[in-house]
Amino acid sequence: SGCGLHLCSLHSSAHKKTRSTRGHSVKTLILSESHVVQKSSCSLHLSHQLEFYCEKCSQLFCKRCEQLAPHEDHADSLLTVKEAAQKLRQQISAKRQDAKRAVEETSSDASRQPSASQTLPEATGHLEASLAIANAAISGLNKHVEEVSADVETSVERVHSAAKKRQQKLIDDLDALRWKALKPLEEQQQRLTK
């Protein structure tokens with residue numbers, strides 16, 4: 001039996017010790033590295049940074065991908081990475097408030113009406129375990145939001161830095177081309193004025 005919660009090792013350990021949940025079957029969940037987004041480069045266009053998020057496809061992509069056919073009819077679903085992060089923060093905050101409210105309501109209902117089959121200490125133990133699980137979930141959610149926010153900010157900074165470097169390289173290349181073309185013209189001008 002189990003409750004279907006996803007818990008870190010610390011909270012899993014507490015879950016196993018709590019009277020009302022110690023009988024739950026706890027399974028270890030291992031995510032492979034492919035589930036963790038560590039780079040901000042587009043997987044199709046390696047020289048391009050991820051700049052956009054399509055809500056319809058739930059995908060991050062670069063400027064070049066945006067111009068491809070799969071996203072043409074998704075214009076109303078396209079966000080910058082920064083906009084998507086902000087929207088995600090708002091959604092997580094709303095869900096956190098909903099969870100907090102539900103825990104408070106559950107706690108209020110449980111303390112007012114213990115079931116006939118439960119003694120008061122059992123009901124209190126179950127309530128405390130539920131509150132501990134809810135608090136752990138809220139804490140984990142907050143930590144995850146902070147980590148994702150930091151990753152998004154780092155990605156945006158990388159995109160900005162890469163754009164500035166590219167801008168300077170293009171300006172330098174253009175300047176070099178100008179001087180290369182200007183030298184023969186100056187030499188020709190000197191020959192003509194002699």
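Modeller: Happy to! A salt bridge here means a side-chain nitrogen of Lys or Arg within 4 Å of a carboxyl oxygen of Asp or Glu. This is a predicted model, in which local features need pLDDT of at least 70 and side-chain atom pairs count only at pLDDT 80 or more, while totals for chains, interfaces and linings use all residues. Residues are numbered from 1 along each chain as its sequence is written, and side-chain values use heavy atoms, leaving out hydrogens and water.

The structure holds 3 salt bridges. Let's start with Arg178 and Asp175, whose side chains meet at 2.5 Å, N to O. Both residues lie in helix α4, 3 residues apart, about one turn of the helix (helices are DSSP runs of H or I, at least four residues, and strands are runs of E, at least two, numbered from the N terminus). Arg178 is partly exposed, with a relative accessible area of 48%, and Asp175 is partly exposed at 32%; partly exposed lies between buried, under 20% relative accessible area, and exposed, over 50%, using a 1.4 Å probe and protein chains only.

Helix α4 also holds Lys169 and Asp173, 4 residues apart and so separated by about one helical turn. Their salt bridge spans 3.1 Å, N to O. Lys169 has a relative accessible area of 44% and Asp173 has 34%.

The remaining pair is Glu153 with Arg89, where the closest N and O atoms are 3.9 Å apart. Glu153 lies in helix α4 (residues 120–193) and Arg89 in helix α3 (residues 81–112), so this pair ties together parts that are 64 residues apart in sequence. Glu153 is partly exposed at 46%, and Arg89 is partly exposed at 26%.
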